[in-house]
Amino acid sequence: MSKPKVAFYWCASCGGCEEAVVDLNEVVLDVVEAVDIVFWPVAMDFKVSDVAALADGELAAAFINGAIRTSEQAEMAELLRRKAGAVVAFGACAWLGGIPGLANLYSRESLLEFVYRESPSTVGDGVRPLEEFTAPEGTVRLPHFDEDVRTLDQVIDVDYYLPGCPPPPGLIAGAVMALLEGRLPEKGSVLAPDVALCSECPRADSKPEDLKIERFYRPYEIVADQETCLLAQGLVCLGPATRAGCGAVCVNANMPCTGCMGPTGRVVDQGAKAASAIASLIASHDEDEIATLAAQIVDPVGTFYRYSLPASLLHRRVGTDGSGNGKSTDATAPAGASTPGGAS
Amino acid sequence: MLEHELTPRPPAPNGGPRIGVYVCHCGLNIAGKVDIEQVVTFASTLPDVAVARDYKFMCSDPGQELIEQDLRDGLVNRVVVASCSPLMHEATFRRATQEGGQSPFYFQMASIREHVSWVTADGEDATGKAKALVAAAVRRVALHEYLEPRKAEVQPDIMVVGGGIAGIHAALVMADAGKHVYLVERESTIGGHMAKFDKTFPTLDCAACILTPKMSQVRSHPNITLWTYSDVVGVEGFTGDFTVRVRHRPRYVKEELCTGCLECIEKCIHKQGKFEDEWNEGLSKRKPIYIPFPQATPPVVVVDPEACIWFKTGKCPQTCIDACERDAFDFEQTETFDEVKVGAIVLATGFKTFQAERMPEYGYGLYPNVYTSLEVERLLNAAGPTGGEVVLRDGSEPKVVGIIHCVGSRDAKHNLWCSKVCCMYSLKLAHMVKERTGAEVYNFYIDMRTPGKGYEEFYDKILREGVHMVRGRVAGVTDEAASPEEEGHLVIRAEDTLIGSVRRIPVDMVILAVGITPQPDAQDVRRMFNISCGGEGFFTERHPKLAPVSTFTDGVFLAGACQGPKDIPDTVAQAGAAAAEVLAMVDRGFVMLEANTAHIEDELCSGCKTCVGLCPFSAIAFDEERKRASVNEVVCKGCGVCVAACPSGAAQQHLFTDEEIFAEIEGVLAYV
Amino acid sequence: MSEPTREDAFEPKIVAFFCNWCTYTAADLAGISRMQYAPNVRAIRLMCSGRVDPQFVLSALREGADGVLIGGCHPGDCHYQEGNYNARRRFELLRLMLRDLGIEDERVRLEWISASEGDRVQKVCNEMTEQIRALGPLRLGTVPKVDGERASPAPATELVGQVTS
């Protein structure tokens, strides 16, 4: 009996998700035993034409990581959708837009300007690549760089979501096995526990029931105590607003959770909910004091929407959709956020 | 999967929501501005709407019958009524929905009267807004969950806070009905302001004669626990089940032993009074040990630790202790506390008179013979500082007296309201002063307000007695004579508007008819009982016409001047009304609980504890073992703060779930 | 340029979240007193301003609102003691986030309006309507739906510069 065929593909991503598969260590051998990987650009030499040659639905599953920012990524997503029985959005970028999603705070034009002209490390006259160029030998094309970052399910129909940046090895293995054994839950499910991180955080007992935050700290500003709840120490830990399933690796490294496992099932907008929860814990009753404390959270959009801006309710910063609408101009960096490559 | 888009629901098969939309004309109140037909037609195009009707008065019996019939016929299983404010008729239509056989919570209201027809100038705009609000209600009600109305038991005891005539009357009515009542009074005696008066208008009844029997009844009533010199320091719980903490301040006398013989006062080391007697409005002096007035109830003396030598120096022969045959003194007494459970609370905390010093133009505190009405009441009272004689500071009788109405009232610089009782009591004072002293009396008024039973007749009588009436707001009182006749007198300057000229009237005594103001601690009190105050500072009733004795906090009722200026007949009537409403609640034995409580989905709770400390009612408990939070839905008052804060969406609020509100948001924007 | 006709004049849509005990009651009072005000504000009734979840504000903006108004009791007067303080805390943080997301301060407002302040409802609604009219519609652009529908089509690519060797 032939093994089920699977594909791995990467879109606007960092490569960490591919490494996460490798991080399965010896378990990857079981995976490789059980499935036939017919497409994995980072590791294997199959071509797009090989995928195109498959019958529709011939792939058991396509694991696609990374967000969608170019026309090529969108085309590949659509191709794999046609060829796969199940599409799994693999990792935070595919599910929520991920860190690349923060590019939605800038317009396409301002990004290109920065990269090709303004950045300190750019050499040249600010030449922009063309999308099409006809040379005597033929025409070459580059993918179109989209107006903004989209999540995978804003481009194709997605069956399952595997959260994390990257997804923890345990969840990956679990997902693959579930797929192979036909044990996957209902379509649309996120393949991780539907409960927030505090449930598996080793410091949960030290978190007081009536926590009131009198000051917010950035991680470099204090040496966090190793045993105490990080939020209770004034660090902006998004654990309460983030799914469990990662084993609280960041917290165990004495760093606050940044929200990569995405929100739980009843939350529509992770950044808004996390902000609501953390703001509610501000100690003061005085309006000015409250404003001062809130302002201690530097770059709140980058903090609360670190992985989820394209999936959020507003999707992008107003005025960056290139249509020239809205009051915000491309040239102005969002207040509080660093300009691309500028001093942070 | 993130569900951003709430896609339009396809027409529901049998068992799904079938919504009936009922648009009210409210006579012309809505129909005069909003195009009802357009709204009905529009409603019928909305998803899940099975029936859309309109009617002239939805709240009437036939209107409600429309709803009930559609429900009984199975045409609809959820109801939207577009009419007035839910604060007006949500209960009415929920009942109708229940009568029709459905859960009363499968109902939503769209306010197209208070929020649309009454406030929108243009008819087209109004119709558009009405449609938007109807759409919001329709989208929302489709998601309402099945909820059963729930009850909680009511504690049988009742507390009345304030022992003036309002509190006394309410307490007696409820105690006579067999209920156990705690009557808490801050002063050392009950009686309130009424106990300070000499006679009451319009009948000129002796205030003490009509009040003291009631005070005595309170003291001896088997069902009343009278706590004087006590105040409420904390209230917890909710309707039907309040826990009230009461502090008893030390009199340094054992209440149960003192017989009120007053020997101790006689034998006090102070031969005469040296300290300001608050009861007599500072017109006389008392000793450190005192009783406010002879008929004080309970008839127990009080020791003032600020004045008593024993407390100040520790060196006193304490002749008072020797004088007491009952050995009732206890100088070691400290504050004690009681915590009681009651089902309802009546607030009858009364009023304060306007501080006349705030109007220096009238000379109070500047000229010795300018008095407030309350001070004159004490002069007139036989148990007062002058034994009932109206005399000036030097002991002589006034020959001419001026009474200035509206002091502090009807005044843009002080209080805008009319204090309701001052015209009548000024006429009464005019009569009594004239009777006692034979003086010429001038009343300076703006309008003469005498609306009650027998009040106009009383005014007529006073006019016939030859009291002079000058219609004009008094500009000022001065002692600077402008002519020889004015030497040695106080001069009242006012425009007599009926003759059109300014007059200067020399008088010996000026009486300021000070208005009724809220107690200075009204804000603290109302926060403690979780009710609100209006802009002026009086406690807010639930509805000015239809619910004048209840408040927005179920179980807390109002009686008397704390709710607004009023005279004794109205006060007693209101106190009786409050007692009746309390009895209705307590006799019924249960209250309906808030339907919109919060609850936490056990499997979704991560134990993050964000909610626990946010609940002001301590309704959320955290289970240390299971690491889950849960809401006590009996204590929960349904504010939803925990729900908005819950970072994982595990906490939701019945009737205000996230999904319902998202649907409402969508509906209010999607169509119009 | 001719006066915009009624059909093409921009009419702001403002979603309001009013707390039951204070602001919603004040709006009722404005109605009873027949105070006329701009029809652009559509009120959603919540029991307390403390129930206002920032998700609601964002959802309203996404669904087509040009502005959002949150109305609650004055500090110290909340029927549920503390709810309005929580509304303030969340609003302060949300405001900073909205700025970074390019949304003007005037578009999302938190106002304390007590039950007797019907005139304040009138004033705030009129004022906010005019302010947002002056700001213009909130152009979020097409926000992609989850079922794969494309965002607004990409504009023509810019063929700038030249190839260097």
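I began with Asp159(A) and found that it forms a salt bridge with Lys187(A), the closest N and O atoms being 3.5 Å apart. This pair links distant parts of the chain, since Asp159(A) sits in the loop between β8 (145-150) and β9 (160-162), while Lys187(A) sits in the loop between α7 (169-180) and α8 (249-252), 28 residues apart. I noted that Asp159(A) counts as buried at 8% relative accessibility, whereas Lys187(A) is partly exposed at 46%. All of this is read from a predicted model, which scores ipTM 0.91 and pTM 0.76.

Glu113(A) is buried at 18% relative accessibility, and Arg117(A) is partly exposed at 46%.

In chain B I looked up Asp231(B) and Arg249(B), whose side chains meet in a salt bridge at 3.7 Å, N to O. Asp231(B) lies in strand β11 (residues 230-238) and Arg249(B) in the loop between β12 (241-248) and α8 (263-267), so the pair ties together parts that are 18 residues apart in sequence. I recorded Asp231(B) as buried at 15% and Arg249(B) as partly exposed at 24% relative accessibility.

In chain C I found a network of salt bridges linking Arg109(C), Glu111(C), Arg120(C), Lys123(C) and Glu127(C); over all chains the count comes to 69 salt bridges. Chain C averages a pLDDT of 85, but I marked residues 148-165 of chain C, over which pLDDT stays under 50.

Methods: Residues numbered from 1 in each chain as written. Chains lettered and ligands numbered in written order. Predicted model: local features only at pLDDT ≥ 70, side-chain atom pairs only at ≥ 80, totals over all residues. Heavy atoms only, no water. pLDDT = per-residue confidence, 0-100. Contact = heavy atoms within 4.5 Å. Salt bridge = Lys/Arg side-chain N within 4 Å of Asp/Glu carboxyl O. Buried < 20%, exposed > 50% of the residue type's maximum accessible area, 1.4 Å probe, protein only. Helix = DSSP H or I, 4+ residues; strand = E, 2+ residues; numbered from the N terminus.
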